[in-house]
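Morning, everyone. Please bring up the model on your screens and keep it open while I talk.

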There are 2 protein chains.
Amino acid sequence: LNIIIDGFGGDLAPKQVLLAARAASDSYDVDITVTGDSDRLADCAKVNAISLERIAFAFAETVIPMDGHPKSILKEYSQSSMAVGLKLLADGEGDAFVSGGSTGALLMGATFFVKRIRGVRRPAIASLIPTQSRVPYLLVDMGANHDCRAEMLAQFAVMGSVYSKAVLGIESPRVALVNIGTEEAKGDELRKQAYPLLSKTPDINFIGNIEPRSLPIGGCDVAVCDGFTGNVILKLSEGFGEFFSRTLRSMLTATPSSKLAGLLLKGQIGDLRLALDYKKHGGAPFLGIARPVIKAHGSSDAEAFKNAIRQAILCCNQDICRRIERQIAKRGGEEQI
Amino acid sequence: LNIIIDGFGGDLAPKQVLLAARAASDSYDVDITVTGDSDRLADCAKVNAISLERIAFAFAETVIPMDGHPKSILKEYSQSSMAVGLKLLADGEGDAFVSGGSTGALLMGATFFVKRIRGVRRPAIASLIPTQSRVPYLLVDMGANHDCRAEMLAQFAVMGSVYSKAVLGIESPRVALVNIGTEEAKGDELRKQAYPLLSKTPDINFIGNIEPRSLPIGGCDVAVCDGFTGNVILKLSEGFGEFFSRTLRSMLTATPSSKLAGLLLKGQIGDLRLALDYKKHGGAPFLGIARPVIKAHGSSDAEAFKNAIRQAILCCNQDICRRIERQIAKRGGEEQI
């Protein structure tokens, strides 16, 4: 396998990208292609004594800014490290692409250069959210499509279920529709239309509606919603994670005796940090793109990038795109809206 | 003042309602009318030695179930403790109504019996959500209207701002649109249409979009959204509150040394519990109904009901409904969609 990675995507690039490329190549026995300014990459490797065995560079002259307009990847940044990586992937010069750069640009570029899987209306971005049960759930769509039709939600359910089964190893993933009540008739127009569609979607284990209250306790494996709601859930979850750790910190430093308590709780707090750590789960897979594309978090360090590469390898080994294509084709034959 | 309260709304009624009525009448110097089966109310007061000074009963023969269909308040439950209370309020036999019963039925009944404030398109339910800064924010709409138009969101902003100022005592409440990005052009169609409307709404301190990540840290005083999104935020916030306290509990009971830590942290944990306690903030006010109606939490105890009564009194003293009417009228003259 040859995994392509954006050498300049993310706040800690290129050093943490190169460290991750080195570690991933050694651990997983794969080749890595790093995109970007080859001179700068070579310098960075040299300065940090990173061996480049099985690591190749693919030259790209620019870097798309984190806040750049998504469409700029097709225009002024069509030679950026992200665009070059996506084009290599589209041309079959690599098996998957990982980037810590702008989500919007990556989605635009992936859709334009790599294309959608046949039959997929809209690609979705999935995200793994930690839970109390320590098994994260897959939230799909977490922000690619703000205004959705019911049929799109049904496709998100199919793609999320395939991913959960193949890549996360969950045998029969519990797929739920995020809604404001558990009864079938609850919710807004979109949810009312999506429920019956999900009910009759073959090959998914649809368990009905899930209320957001049950998400943090691990009430489902795949949570299906439109991208606006998904992004609200993702960002509120992140906000509560920060709230939680800040509160804990201030609680454990308030007085001398609470500082002592902090020492006594060191092990438990370490466990909790690990459970809430987004980084170890890898990045956000783009579901519905013809080849595996993984969005790593913008603040990814070497460990997070390495986990995103591992996830990309799993997607390749499990042939995730063909599996999705088959399921979508199956469904397409039975249902047309 | 005479505050009407549903004697049989909520899991702990009627005992906790009567205890709250007693305490509120004593503390706030008001009359209380309790609706429901007078014999059962009198028995309950007697058994629990609750004095009925300044407390009157208004007979109602049935109780609407928590999961009853909202419309049933107009039909088979039109003589329920909730319906009777709302009709007394509509007839001017009391100044405000508090109920711990079904939210949907209360909204339907309030709209039908008490009516909307002139010019209000749709009443909204507001909810106070605790934050890290210990000052809760007002979330509006938290579930009354699942499918909204931009104009409705602008009215929610006006009503929420008036409530925050008059009842919560915030001088210039920071009103924000809940969105998935901070820039003006972000979001789905509804948010894109609502932003410019909110920008030119007079007499509100509109601070722009707020990302859900900033809600738990107190990034605004009034968070405006459609009722579907609001209910997702409310329920996810409650879910994280439970997650937080369960995690803390298991953390502090895991080992002998963590139990010791728990003892050392007793004070801090008490403070936190208080900050996260929904009960002390009272209930959820219905904004846009012609007289004050407060929905108390279904699991309210005497303290929570008493705080909801206190809130109802504040709404009366601040003449909240007339204030909303004036602001809506002002806006109606400047803007028609």
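Some ground rules. This is a predicted model, so local features need pLDDT of at least 70, side-chain atom pairs count only at pLDDT 80 or more, and totals for chains, interfaces and linings use all residues. Residues are numbered from 1 along each chain as its sequence is written, chains are lettered from A and ligands numbered from 1 in the order in which they are written, and side-chain values use heavy atoms, with hydrogens and water left out.

Interface. Chain B puts 48 residues into the contact, and chain A puts in 48 residues. Contact means heavy atoms within 4.5 Å. The two chains bury about 4600 Å² between them, 74% of it on carbon and sulfur atoms. Buried area is the accessible area, with a 1.4 Å probe, that two parts lose on being put together, summed over both. On chain B, Ile180(B), Arg213(B) and Phe228(B) lose the most area to chain A, together 15% of what that side buries.

How many salt bridges cross between chain B and chain A? The rule finds six. It asks for a side-chain nitrogen of Lys or Arg within 4 Å of a carboxyl oxygen of Asp or Glu. Glu238(B) and Arg213(A) make a salt bridge at 2.5 Å, N to O. Helices H6 (189-199), H7 (227-251), H8 (256-264) and H9 (266-276) of chain B each supply at least two residues to the side touching chain A. H7(B) gives the most, with 18 residues. Helices here are DSSP runs of H or I, at least four residues, strands are E runs of at least two, and both are numbered from the N terminus.

Last, inside one chain. Arg121(B) forms a salt bridge with Glu151(B), closest N and O atoms 3.8 Å apart. Arg121(B) sits in the loop between H4 and E5 of chain B and Glu151(B) in helix H5 (residues 150-166), so the pair ties together parts 30 residues apart in sequence. Buried or exposed? Glu151(B) is buried, at 6% relative accessibility. Arg121(B) is partly exposed, at 26%. Buried means under 20% relative accessible area, exposed over 50%, partly exposed in between, with a 1.4 Å probe and protein chains only.
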